[in-house]
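Please view the sequence and structure first, then read the notes by topic.

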Amino acid sequence: MAALGLFQTDGGCRVNPIYEIASPLFTKVVINLGQRYGRGSKFTITAHNASRRNMYVQSARLNDRELNSFCFPAAELLKGGSLELEMGDHPNHSCGTQRP
């Protein structure tokens with residue numbers, strides 16, 4: 001999951017688990033959710049301008065909504081949809097600063 005730019009520092013042990021966003025290794029990944037057990041069809045992670053140099057998340061959008069923190073409920077991933085990340089070569093200190 002870390003290669004996809006997602007991780008869970010608590011190991012997914014929360015009552016309502018969350019995914020935290022990091023720098024993905026890939027510019028685009030599609031996760032097949034299988035549409036079973038109430039899940040969606042697929043979840044797509046796109047990292048615009050990602051490269052070795054552009055490793056810092058500048059902004060994040062989950063299903064076309066801007067994220068103000070670098071985490072989101074795991075249930076959102078399981079519903080399907082998309083996570084779009086804008087990447088850059090310097091940290092954006094004002095992005096992702098709000099706590100969930």
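**Overall fold**

Along the sequence, the protein follows the pattern β-β-β-β-β-β-β-α-β, with 1 helix and 8 strands; these are DSSP runs, helices being H or I of at least four residues and strands E of at least two, numbered from the N terminus. This is a predicted model, in which local features need pLDDT of at least 70, side-chain atom pairs count only at pLDDT 80 or more, and totals for chains, interfaces and linings use all residues. Residues are numbered from 1 along each chain as its sequence is written, and side-chain values use heavy atoms, without hydrogens and water.

**Dimensions and burial**

- The C-alpha atoms fill a box of roughly 40 × 25 × 25 Å along the principal axes.
- Of the 100 residues, 33% count as buried, meaning under 20% relative accessible area with a 1.4 Å probe, protein chains only.

**Nonpolar core**

- The largest nonpolar core has 20 residues, of which L6, I21, F43, F72 and L83 touch the most other members; such a core is a set of buried Ala, Val, Leu, Ile, Met, Phe, Trp, Tyr and Cys residues joined through side-chain atoms within 4.5 Å.
- Elements giving two or more residues to this core include β2 (18-21), α1 and β8 (81-88).
- Beyond four places in sequence, I21 is in contact (heavy atoms within 4.5 Å) with residues including L6, F72 and L83.

**Residue E76**

- E76 lies in helix α1 (residues 74-79) and counts as buried because its relative accessibility is 15%.
- Not counting residues up to four places away in sequence, E76 touches F43, L62, N63 and R65.

Technical notes:
Buried means under 20% relative accessible area, exposed over 50%, partly exposed in between (1.4 Å probe, protein chains only).
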